[in-house]
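This report describes selected features of one protein model. Please keep the sequence and the structure in view while reading.

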Amino acid sequence: MHRVSRRSVSAILHRGGARYRNAAAPISSTTSLNFTVGDTESKLRWYSAMISNNCTHQSTAEFNHRNGVFIANRHESTAAASDAMDAPTENYEYQAEVSRLMDLIVNSLYSNKEVFLRELISNASDALDKLRFLSVTEPELLKDAVDLDIRIQGDKDTGIITITDSGIGMTHQELVDCLGTIAQSGTAKFLKALKDSKDAGADNNLIGQFGVGFYSAFLVSDKVAVATKSAKSGKQYVWEGEANASTYTIREETDLEKLLPRGTRITLFLKHDDKGFAHPEKIQKLVKNYSQFVSFPIYTWQEKGYTKEVEVDEDPAEAKKGGEDDKTEKKKKTKTVVERYWDWELTNETQPIWLRNPKEITTEEYNEFYKKAFNEYLEPLASSHFTTEGEVEFRSILYVPSVAPQGRDDMINFKTKNIRLYVKRVFISADFDGELFPRYLSFIKGVVDSNDLPLNVSREILQESRIVRIMRKRLVRKAFDMILGISMSENRDDYEKFWEHFGKHLKLGCIEDRENHKRLAPLLRFFSSQSEDEMISLEEYVENMKPDQKDIYYIAADSVTSAKNTPFLEKLLEKDLEVLFLVDPIDEVAIQNLKSYKDKNFVDISKEDLDLGDKNEEKEKEMKQEFGPTCDRIKKQLWEKVASVQISNRLSTSPCVLASGKFGWSANMERLMKAQHVGDTSSLEFMRSRRVLEINPEHPIIRSLHAAFKSGSDDEEALRAVDLLYDTALISSGFTPENPAQLGGKIYEMMGMALSNKWAAPFDAQHPVTRPQKPETMEAEVVEPIEAVGQK
């Protein structure tokens, strides 16, 4: 018996071998097929018998009701026979339903209808560029002496838009190839021909590349007519197509009045719902938004007016009155009217500012462009104009605004439309902030123009690639250079103004962008224990550090007042150690992510095990031996409220303080997390750090409790004092008491005990209780009024 080779199996399957597959059957060459239906052992091996075409086929599959198995015959073939049955491979081209493909291009490729004008203007610009390039070697192409421009005319009443260019035009065959073949780009074909000819003067400003931009006209049109006359041909042809149709027509133009000197005229018959695009003001707005910097002049048909004086007909009554005095000289009455007319108006600027030499541009020109492009009224704090070459080539102008936008938070919604992306001077989108800039730099405004961005066909999605990552990295670096320049300016007010509006963004960068920590850290500003009114930088803090100081100390609080009055500061102030005040809610998280600056670690002075570099092990040992029982007694009274009670090395005037654990939330962070309206309350107990009560053995209150507990008696007042001491430390350390009313009751009680009989006699002795007496009956005397003298 011979095995069937893989090649033979493939041939059988290609020739329909599946029709000859029999039912699967168990195989046994030596034993009979006597298996019971309930047999659970895996003894059966199933297979599919494949029969060649030249074999006779007979269905022999039977079902053994008693044994519950299928039985089938197996047909064998020789290897030589199977190898002889190899079929030739046939190649096919993909087919497409044209009407369905057009529907996908028109309705699925573009998400915004107004881009149709951008695509058609780009096509017209490419036609003009081709003519300008070819005319260098073929000057006769410009024999008609027609200006190289684009003209757009709209009729809002009829809903017709006409786009005319004086470019290279198209022949009959080019109409079939470019407009009749979907996804064939005439521009891409032209560039390929230039590349193949190794022409050094190839123009890289051509825009088209996909061959589908023309069909965006059907986004708003029911019918499109293209009249074109090639500069190389004397005949003019008209291409006509309709939306949702699979055919188009081409005819030769015979009407002499419609003949073009050269170029192409596209006529759009707009849909009923899209006739608003034919309004002249709408056309002008779209041109300025998308095609303002196309290298050829774009004219739009606009209504204009001028004022003039006209005579007014004289009233007959006034004329009769005026006739009586013939000697008086009469003046003719006039009024001012506005005469309306239509004319072509230049809509675009031919030279974008970012393509000019930065040395030739003044600061006023940069500021004027910023105000015009981004609708700003204040001048920017800084700007940067640069060109990047190498792996990625692009030009850009970036600005740092002087104020933050009103009414929205860019840190939450980073789609700010602050970066305008151009490809070969054609505006693509302002929705690429997230791809070109991180969220924390979303306040940066500017333009980016590149020739080789990896856009999708609709030019609406910036595809993730190595080019985009390189661009993002270089743009971020330039943004940091601008901000650093502001911080190093002689005018300190400029950076204070910047920090007031955008400081939170840079702190967010410490959380989200670990790669740029070294660039972010020098830009941060904080208040400190030695600078409560003016913020300082981390560089200034390091310069002011003590020679033996190893760490950067900080305390997080809700205000500068709270921070400077916290008991955690007492020992550090005595040692003249500066402490940063983190008073913004995002400060603590930012510093924790930053971790260090110039090899100096950030240390939270509200956490346990604070090391100030002045440890005296012998003294600490003596204190622990002396106050150890007192600490144990306080821990026993507070029980689970604290993890431990320790001798403090950070207190000088306060009796105690409540320190947080090393790896949990601080008091400030715990307060912030409780205030989150969407926070998970179940995580509060998990993340809340262990609390350590640190006592000051030099304080009179602690010494009094030490004496009380040293006697060995559980004095009730001493235990109540411990509870009140804990609640007081809870508040002074920044925590929130769980039962404020109970704490108030304890304070009132202690005040009552302290103030009783101190300044006045007892209340009962000073105000004796008198019994109420019955009222006595009184006689009233009636007094009659006496009249005044002279009155009746």
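In which sense do strand E12 and E15 pair, and over how many bridges? Strand E12, residues 394-400, pairs with E15 in the antiparallel sense, and six bridges join the two. The model under discussion is a predicted one.

## Strand E15 and its partners

Strand E15 covers residues 445-450. Besides its antiparallel pairing with E12, E15 pairs in the parallel sense with strand E13, residues 419-423, over five bridges. Val447 of E15 takes part in both pairings: Val447 is the bridge partner of Ile397, and Val447 is also the bridge partner of Arg420.

Are the residues of E15 mostly covered or uncovered? The strand is mostly covered, with six of its six residues buried. In a regular strand, side chains alternate between the two faces of the sheet. In E15, Lys445, Val447 and Asp449 point one way, while Gly446, Val448 and Ser450 point the other way. The residues pointing in either direction are all buried.

## An open sheet of eight strands

Elsewhere in the model, eight strands form an open sheet with mixed pairing. Their order is E7-E6-E5-E8-E4-E3-E9-E10. Strand E7 (248-252) and strand E10 (334-346) stand at the edges; each has a single partner strand, so one side of each lacks a neighbour in the sheet. From one strand to the next, the twist averages 20°.

Ile161 stands opposite Leu268, a residue of E8.

## Helices on the sheet

Which strands does helix H4 lie across? Helix H4, residues 115-134, lies across strand E3 (150-155), E4, E8 and strand E9 (298-311). The helix runs at about 150° to E3.

Helix H7, residues 280-290, also packs on the sheet. H7 touches E3, E4, E9 and E10, and its direction makes about 130° with that of E9.

## A nonpolar patch on the surface

The final feature concerns the surface. Ile747, Tyr748, Met751, Leu755 and Trp759 form a nonpolar patch there. Together, these residues have about 610 Å² of accessible area.

Ile747 lies in helix H23, which spans residues 740-755.

Terms used:
Residues are numbered from 1 along each chain as its sequence is written. This is a predicted model: local features need pLDDT of at least 70, side-chain atom pairs count only at pLDDT 80 or more; totals for chains, interfaces and linings use all residues. Side-chain values use heavy atoms; hydrogens and water are left out. Patches are made of residues with over 30% relative accessible area and no salt bridge: like charges are joined within 9 Å, nonpolar side chains (Val, Leu, Ile, Met, Phe, Trp, Tyr) within 5 Å. Accessible areas come from the Shrake-Rupley method with a 1.4 Å probe; for residues, only the protein chains shown count as cover. A salt bridge is a side-chain nitrogen of Lys or Arg within 4 Å of a carboxyl oxygen of Asp or Glu. Helices (H or I, at least four residues) and strands (E, at least two) are DSSP runs, numbered from the N terminus. Buried means under 20% relative accessible area, exposed over 50%, partly exposed in between (1.4 Å probe, protein chains only). Two strands pair if DSSP finds at least two bridges between them. Axes are lines fitted to C-alpha atoms, for helices over the stretch in contact, and angles run from 0 to 180 degrees between N-to-C directions. Contact means heavy atoms within 4.5 Å.
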